[in-house]
Amino acid sequence: SGTLYIVATPIGNLDDASSRMRQVLAAVDCIACEDTRHSGRLLTHLGIRKPLVSLHEHNEAERVPGLIAALASGENVALVSDAGTPLLSDPGFPLVRSAVASGIPVCPVPGPNAAIAALSASGIAPEPFRFLGFPPRQPGARRRYFESLAEVEDTLIFYESIHRLAATLADLCQTLGAERSACVGRELTKRHEQLRHGDLAELADWAAHAPEARKGEAVIVVAGAPANDPDEVLQGEGARAINTDALLRALSE
Ligand code: SAM
């Protein structure tokens, strides 16, 4: 059979297109992409002409069998998304799962990813981290979701639509606490790239007032909850309670 290549593409800066990315896209028989016009522009920039097959969240289930059949017949297929690494808040998981189940080789061609780029420059503990993608859009559901994450000690990474950035930062501030450290990575790799560091109160205030916080694309990185060391509790309050118990027992004997 052929090979399915999972190819990361730039998240803004076309100079992030690697030579391996170009070689693979130039060599495959067809390219599955989210938006044929969008990927068509990238391929024109790279000087590559290939048959394109659209694969987006609304047609993915229908497209998978045809692509698997093409791969099984020996064709090499590349999967790209509009930007960054496919599957990460982008289409592709059903295709990869199906390829793996069918014994078709899957080869990653790694490259840009907004979450990892933001994490690497955030100044927030890089491990362990939890990549959460987009939070719920509805305010009520979003707040309940953030409340469910309040005790998580891992660094949290979210994608968010720029239209909801201010509302989401306000909700994070309310549910996780005003003093949690965080970082917003906006327009990463682009001309107006911005890494805004602060606690959630400062970032929520910035997002509510700064005109630039309404433009472009943004990733939110939030520090995890402070560790709750059970040993410390036992040595402090717990230890005192045990000793008091022993003392009371000794006194009553
Ligand atoms: N698969 C992509 C990746 O690997 O990063 C992410 C696709 S997801 C549909 C789009 C979201 O990623 C945006 O809403 C934003 O949160 C984030 N994003 C993408 N490009 C970005 C950039 N240049 N700067 C900041 N955030 C970006």
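**Exercise 1. The surroundings of Ile220**

Leaving aside its neighbours within four places in sequence, with which residues is Ile220 in contact?

*Solution.* Two conventions come first. The model is a predicted one, in which local features need pLDDT of at least 70 and side-chain atom pairs count only at pLDDT 80 or more, while totals for chains, interfaces and linings use all residues. Residues are numbered from 1 along each chain as its sequence is written.

Step 1. Two residues are in contact if their C-beta atoms, placed from the backbone, lie within 7 Å. With neighbours up to four places away set aside, the contacts of Ile220 are Phe158, Glu160, Thr168, Leu169, Ala182 and Val184.

Step 2. Burial is counted on C-beta atoms placed from the backbone: a residue is buried if 20 or more others lie within 10 Å of its own, exposed if 12 or fewer, and partly exposed in between. The largest such core has 33 residues, and Ile220 is among those with the most contacts inside it, together with Ala118, Leu169 and Val221.

Step 3. Helices (H or I, at least four residues) and strands (E, at least two) are DSSP runs numbered from the N terminus. The elements that give this core two or more residues are α5, β7, α7 (165-176), β8, α8 (200-209) and β10, and the largest share, six residues, comes from α7. A second, separate core of 24 residues includes Leu4, Ala8, Ala78 and Leu79.

**Exercise 2. The shell around the ligand**

Describe the residues that surround the ligand, by element and by class.

*Solution.* Step 1. A residue is near a molecule if its C-beta atom, placed from the backbone, lies within 6 Å of it. The ligand is surrounded by 24 residues, of which the closest are Gly84, Ala114, Tyr159, Leu188 and Glu217. Two or more residues of this shell come from each of α5 (114-121), β7 (155-160), β8 (181-186) and β10 (218-222).

Step 1. Ala, Val, Leu, Ile, Met, Phe, Trp, Tyr, Cys and Pro count as nonpolar, Asp, Glu, Lys and Arg as charged, and the others, Gly among them, as polar. On this basis the shell has nine nonpolar, nine polar and six charged residues.

**Exercise 3. The chain as a whole**

Is the chain compact or spread out?

*Solution.* Step 1. The chain contains nine helices and 10 strands. Its radius of gyration, taken over C-alpha atoms, is 24 Å, well over the 18 Å given for 253 residues by the globule rule (2.2 Å times the number of residues to the power 0.38), so the chain is more spread out than a compact globule.

Step 1. Along the principal axes, the C-alpha atoms fill a box of roughly 90 × 45 × 35 Å. Of the 253 residues, 31% count as buried.

Step 2. For a pair of positions, take Ala99 and Glu202, which are 103 residues apart in sequence and 46 Å apart in space, C-alpha to C-alpha.

**Exercise 4. Backbone geometry in the loops**

*Solution.* Step 1. Most residues other than glycine have a negative phi, and most peptide bonds are trans.

Step 1. The peptide bond from Glu127 to Pro128 is cis, with omega near -15°, and Pro128 lies in the loop between α5 and β6 (129-133).

Step 2. Ser89, with phi near 55°, lies in the loop between β4 (77-79) and α4. Glu187 also has a positive phi, of about 55°, and its place is in the loop between β8 and β9 (194-199). Ser89 counts as partly exposed because 17 other C-beta atoms lie within 10 Å, and Glu187 counts as partly exposed with 18.

Conventions:
A nonpolar core is a set of buried Ala, Val, Leu, Ile, Met, Phe, Trp, Tyr and Cys residues joined through C-beta atoms within 7 Å.
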